[in-house]
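Keep the structure open beside you as you read.

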Amino acid sequence: MTHFNKSFGLTAITLTAVLSMTASLALAGDNNISAGQIVDALKPKPATRGLSVGPQADTTAQAKEASFLNTVRNRSTRSLSTGEREQIAELAATKPKIDLEIQFDYNSADIAKTSVASVQALGKALSDPALKGSTFVVAGHTDAIGGEEYNQGLSERRADTIKKYLVQNYGLNGADLVTVGYGETKLKDAANGAAPVNRRVQVVNMDTKTAAK
């Protein structure tokens, strides 16, 4: 009886360890998002108008947005001024967006192997008929570890890497991908500057299909 209890106990411990390891692996894989989830997050939302805002005002605002975005198309990420970066952020604030926890190699703009699946999902999503043709902002963000100037440059290089990957592997039009870097200036978790959630790539659907190409 004692032998049975010991054997049962060892079996139970082993089974628990295996289940625990399996759960950990499942959670680790959950960091990679699906193309469908990205499409749903970036789909244009139905337009809503206030009582005092008419179609003409909407059209004027859209024309101004399109005009501004045309001035930053095909620009190098580093060439954007602080004012232009802030204007992009202001416009993006009301647009459909998604934060992707895409990891890069340490102090590098090379995509980490664990995040390649997420970038591939992004490529599939932006190629989806529901999104194809829109203008997208690809914004790089870092944590607060390191100097501000270094982090700014790193965030720009990482945004460039994502754009290059999407253009080369999914045939997306580079003019429809506006890249911008914010370094550590827009932390997602401001209370913990070193938090991993701050190291991210935000993709925003600017929804300007009528913008001149």
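Let's begin with a helix pair: Ala 35, Ile 38, Val 39 and Leu 42 in α2 make contact with Ser 118, Ala 121, Leu 122, Lys 124, Ala 125 and Leu 126 in α5. Sorted by class, the residues of this α2 contact with α5 are eight nonpolar, one polar and one charged. Please bear in mind that this is a predicted model.

**How α2 and α5 cross**
- Helix α2 covers residues 35-42, and its axis comes within 8 Å of the axis of α5, at a crossing angle of roughly 55°.
- That angle makes α2 oblique to α5.
- The handedness of the crossing of α2 with α5 is right-handed.

**How α5 and α6 pack**
- Helix α5 spans residues 116-126 and helix α6 spans residues 148-170; their axes lie 10 Å apart, at an angle of about 60°.
- The pair α5 and α6 is therefore oblique as well.
- The crossing of α5 and α6 is right-handed.
- On the α5 side, the contact is made by Val 116, Val 119, Gln 120, Leu 122, Gly 123, Lys 124 and Leu 126.
- Their partners in α6 are Ile 162, Tyr 165, Leu 166 and Tyr 170.
- In this contact of α5 with α6 you will find eight nonpolar residues, two polar and one charged.

**The cavity**
- Searching the whole structure turns up one cavity of 30 Å³ or more.
- The volume of the largest cavity is about 40 Å³.
- Its lining consists of Ile 102, Phe 104, Gly 140, His 141, Ser 155, Arg 158, Arg 199, Arg 200 and Val 201.
- At least two lining residues come from each of β2 (136-141), α6 and β4 (200-205).
- The classes are evenly represented in the lining of the largest cavity, with three nonpolar, three polar and three charged residues.

**The second largest pocket**
- The second largest pocket has about 290 Å³ of volume.
- Its lining has 15 residues, and those nearest the centre are Tyr 106, Asn 107, Asp 143, Arg 158 and Arg 199.
- By class, six residues of this pocket's lining are nonpolar, five are polar and four are charged.
- Arg 158 and Arg 199 line this pocket and also line the largest cavity.

Note on methods
Residues numbered from 1 in each chain as written. Predicted model: local features only at pLDDT ≥ 70, side-chain atom pairs only at ≥ 80, totals over all residues. Heavy atoms only, no water. Axes fitted to C-alpha atoms, helices over the stretch in contact; angles between N-to-C directions. Helix = DSSP H or I, 4+ residues; strand = E, 2+ residues; numbered from the N terminus. Parallel < 35°, antiparallel > 145°, perpendicular 65-115°, else oblique. Left-handed = near helix turned anticlockwise from the far one by under 90°. Contact = heavy atoms within 4.5 Å. Nonpolar A, V, L, I, M, F, W, Y, C, P; charged D, E, K, R; others polar. 1 Å grid on protein atoms, 1.4 Å probe; cavity = no way out; pocket = protein on both sides within 12 Å on 5 of 7 lines; lining within 4 Å. Points joined across faces, edges and corners; volume = space filled by probe spheres on them.
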